[in-house]
Number of protein chains: 2
Amino acid sequence: MSRSPAPRRRATLASLAAELKVSRTTVSNAYNRPDQLSAELRERVLSTAKALGYPGPDPVARSLRTRKAGAVGLVITEPLNYSFRDPAALDFVAGLAESCEAVGQGLLLVAVGPDRSVSDGSAAVLAAGVDGFVVYSASDDDPYLPAILERHLPVVVVDQPRDVPGVSRVCIDDRAAMRRLTEHVLELGHREIGLLTMRLGREWPDAGPAPAIADPQRVRSPHFHVQSERIRGVRDAMTAAGLDPASLTVVESYEHLPSSGGAGADAALAANPRITALMCTADVLALSAMDHLRARGVYVPGSMTVTGFDGVPEALQRGLTTVVQPSVEKGRRAGELLHDPPRSGLPVIEVLDTEVMRGRTSGPPA
Amino acid sequence: MSRSPAPRRRATLASLAAELKVSRTTVSNAYNRPDQLSAELRERVLSTAKALGYPGPDPVARSLRTRKAGAVGLVITEPLNYSFRDPAALDFVAGLAESCEAVGQGLLLVAVGPDRSVSDGSAAVLAAGVDGFVVYSASDDDPYLPAILERHLPVVVVDQPRDVPGVSRVCIDDRAAMRRLTEHVLELGHREIGLLTMRLGREWPDAGPAPAIADPQRVRSPHFHVQSERIRGVRDAMTAAGLDPASLTVVESYEHLPSSGGAGADAALAANPRITALMCTADVLALSAMDHLRARGVYVPGSMTVTGFDGVPEALQRGLTTVVQPSVEKGRRAGELLHDPPRSGLPVIEVLDTEVMRGRTSGPPA
DNA sequence: ATGAAAGCGCTAACAT
DNA sequence: ATGTTAGCGCTTTCAT
């Protein structure tokens, strides 16, 4: 591939027009409105462009003029090692990417890591050249949301935060799904239940990432809505079955580590050794807990029932009893809502369906 | 959160300046050079901005002026369901994202699916507002590469394509790594080997995605360098051990499906029932093959040795004998090479280290 | 410390 | 079918 040496000064549409002794419009048309000039002239323009090493209209200048960036921004507040490690989050990104690809839009991962200060992250949000944002956030008090809203661009929220006025949202009914799953567990005869969840707020009570019994006040905290809705679903079912929801042992894990589920299981069983069912708010937690239990000779479901949430491939393959949610579809719908918003102009809230999957990890208590 | 109604016409830096009766420069300085004006004036600018709903300088206009986009483009030619399903590819993306995040750059996933026509894809490549590209491609004759090079932006290639003049590359020594792994297999006493690989060229010989014995000519095809280098490594070791490399049974899979490995194993064993070792060019293939074999009562490593490539978490956890490559580091280095290129201005080729991991899936032939 | 003027490279009206 | 004119919103010399 012999690349001719680039000219000292990069070619522009104007320089190309000058070279060809035609107007800039004509060159622009050669790229954007082929029907506006003779095929012959167009050919001449394009070949001269190639000769001059002109790659076509500058995307940034074009964006400025057309007010279209050709990309949507994805803001994920959680650490990268969460988004890229949790299969459910990943499926969501894949779905979103797919819908962007379908309409030729790029997907910009906005640099908003937890290692960056909030002001840095907000700066990144403000600096993103995009036509709209998808916000996939774990907390209702997301620090970047104000900056995003400031930009007056189309925004679609996934799962959280809720109640952002004027903004569309794609989600599932976490509470109802978890309630149905819990009903299944209760029907099997379980009465002492442990619940393993991701952390319930952006802050973490004290030093050390070890899972810990959750403060009841945190459980009611509205910041991590998804988690608390799922907990609420468990309580709903317990109350309906005549159990005291306060007897539920809730353990909170700080991180999405491979070991989180196992450590959480230990914490729950230490707090209440009579637990016969361990329900988890994520499959990764449940799978980790199962591995840990099995390594210690606790059989599932013989000695312990374990359930998850999400329906990730590994969970389904291993027969985990769980709630299957359409993660890919979530991403896809979020993208579609951004690409062609409802004609009404009004924000919509789309609640996608979930399914309780009775697997091989739930059975009667020992 | 009470958002004041956005003014009919969006506020700009100029309108803000007019409102404040100061020059545009001053407003610009308030955002970009806080030391160039009194704290008092700056405060006045910022608060008026907030009142007017001005979110700060428009990123696109700023990019046009400063010639900096604040993002790098990632071009992956493979289908999305590959990039987001293969843990090794994912680790690479995570590493790249991490390095971008560290310098406050966004990561733009350029919409270049296989479903899009090349001209569409080129359009997407040409339309991306980025400061540079990372190309993660499966073939040397990548159709988008010419368009990318046209743009005269910094480019870093990962693994492939090779021999792009003037472009830095991050890779591993696939051939040597596979040779070392094969030496281990041969030392165990295996003589009849099957090799499962991803497809070797962009085109696929005939209809149907079923894995098939690879045409020897395709095996020598240079388009999918990574795959063919790995095959070459196997042959190197065979030749050195006095075996005929032509006796190697090579099976090519079209897709990265969960079933690909199993189907590939069947194809290999059908072609040569005396095979005692199944080497795979990806862990996902090997794990799939193992599951399939086990389901059919073939014990690993008792009746069949299975090896992989990549060192993905599940493989390590399950004790797969494989080559561990630093996928995350690959992404990180690619990003770093883009963010601060070598002072010399010359392209570099970084060959990262790999390690042969002897696991529990390789043993003497039955 | 603040302002005036000149573009960055392009596209969209509106002519011709 | 092609050209003219006017910005998109911003930063950056260079003056004051």
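**Exercise 1.** Which residue of chain A forms a salt bridge with Arg67(B)?

Solution. The model is a predicted one. Step one: the partner of Arg67(B) is Asp58(A), and the closest N and O atoms are 3.0 Å apart. Arg67(B) sits in the loop between helix 4 (59-66) and strand 1 (71-76) of chain B, while Asp58(A) sits in the loop between helix 3 (39-52) and helix 4 (59-66) of chain A, so the pair crosses between chains. Step three: Arg67(B) has a relative accessibility of 48% and therefore counts as partly exposed.

**Exercise 2.** Locate Arg199(A) and Glu78(A), and state whether they are buried or exposed.

Solution. Step one: the two side chains form a salt bridge, 3.6 Å from N to O. Step two: Arg199(A) lies in the loop between strand 6 (193-198) and strand 7 (212-213), and Glu78(A) lies in the loop between strand 1 (71-76) and helix 5 (80-83). These positions are 121 residues apart, and the pair links distant parts of the chain. Step three: Arg199(A) and Glu78(A) are both buried, that is, under 20% relative accessible area.

**Exercise 3.** Describe how Arg332(B) and Glu329(B) are placed in helix 15 of chain B.

Solution. Step one: they form a salt bridge with closest N and O atoms 3.0 Å apart. Step two: both belong to helix 15 (residues 327-339); because they are three residues apart there, about one helical turn separates them. Step three: Arg332(B) is partly exposed at 24% relative accessibility, and Glu329(B) is partly exposed at 28%.

Note on methods: Residues numbered from 1 in each chain as written. Chains lettered and ligands numbered in written order. Predicted model: local features only at pLDDT ≥ 70, side-chain atom pairs only at ≥ 80, totals over all residues. Heavy atoms only, no water. Salt bridge = Lys/Arg side-chain N within 4 Å of Asp/Glu carboxyl O. Helix = DSSP H or I, 4+ residues; strand = E, 2+ residues; numbered from the N terminus. Buried < 20%, exposed > 50% of the residue type's maximum accessible area, 1.4 Å probe, protein only.
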